[in-house]
Amino acid sequence: MMRRALPLSSLATLLLLASACATPGTTPAEADILQLVNDQTEAWNRQDAVAWSKDFAPDAAFINIVGTVFEGRDEIQERHAGIFATIFKGSQSQVTVRKVQFIQDDLAIVDTIHEVTGHPSLPPGVQDTEPGLLRTQMRYVMKHVNGQWQILAGQNTDVKPRPQAAAPQMP
């Protein structure tokens, strides 16, 4: 059987594309997780609760910034549709992945920082970390199932504003 070789120019192009798409030190599993987080961020910025929730396992649990537990993808989606229509309507999020820790090859803990702006209001008891900016720490537990990463559990915690230093008192 005779194999046909790729032309040298095609091979060079493939190698360039592969190196351009890979971040040094990033495993394929980590790249997939980073893409999931990026897709979820884009869904938030479109206010798309279906897309934002799609990577949660059907029986996932999610704890929001005020400590309310949502059980299952359907409830997570429903509650996010509600906040996209009210307190976070029109908001934009920028997400930074702080750490990906693989507990096993198919199990990871993912820590992210979310910076949300443009929100018309906030839940009771939550205040901006800085004027006009809500910063939160999100932790996900993810599992690789049937060729893709799923979020098994998530917890979002708001970052409290720093107390203002008291002005020195004049004698």
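The accessible surface of the protein chain is about 10,900 Å², with 57% of that area on carbon and sulfur atoms. Areas follow the Shrake-Rupley method with a 1.4 Å probe; for residues, only the protein chains shown count as cover. The model is predicted: local features need pLDDT of at least 70, side-chain atom pairs count only at pLDDT 80 or more, and totals for chains, interfaces and linings use all residues. Residues are numbered from 1 along each chain as its sequence is written, and side-chain values use heavy atoms, without hydrogens and water.

Of 171 residues, 30% are buried (under 20% relative accessible area; exposed is over 50%, partly exposed in between). Four helices and six strands make up the secondary structure. These are DSSP runs (helices H or I, at least four residues; strands E, at least two), numbered from the N terminus. Their order is α-α-α-β-β-α-β-β-β-β.

The whole structure holds nine aromatic pairs. Rings of Phe, Tyr and Trp (its six-membered ring) pair with centres within 6.5 Å; planes under 30 degrees apart are stacked, over 60 edge-to-face, the rest tilted. Trp44 and Phe84 have ring centres 4.8 Å apart and planes at 90°, so they are edge-to-face. Trp44 sits in helix α2 (residues 28-46), Phe84 in helix α4 (residues 73-85), so the pair ties together parts 40 residues apart in sequence. Trp52 and Phe56 are tilted, with centres 5.5 Å apart and planes at 35°.

| Residue | Relative accessible area |
|---|---|
| Trp44 | 9%, buried |
| Phe84 | 5%, buried |
| Trp52 | 4%, buried |
| Phe56 | 0%, buried |

One aromatic cluster includes Trp44, Trp52, Phe56 and Phe84.

Conventions. Buried means under 20% relative accessible area, exposed over 50%, partly exposed in between (1.4 Å probe, protein chains only).
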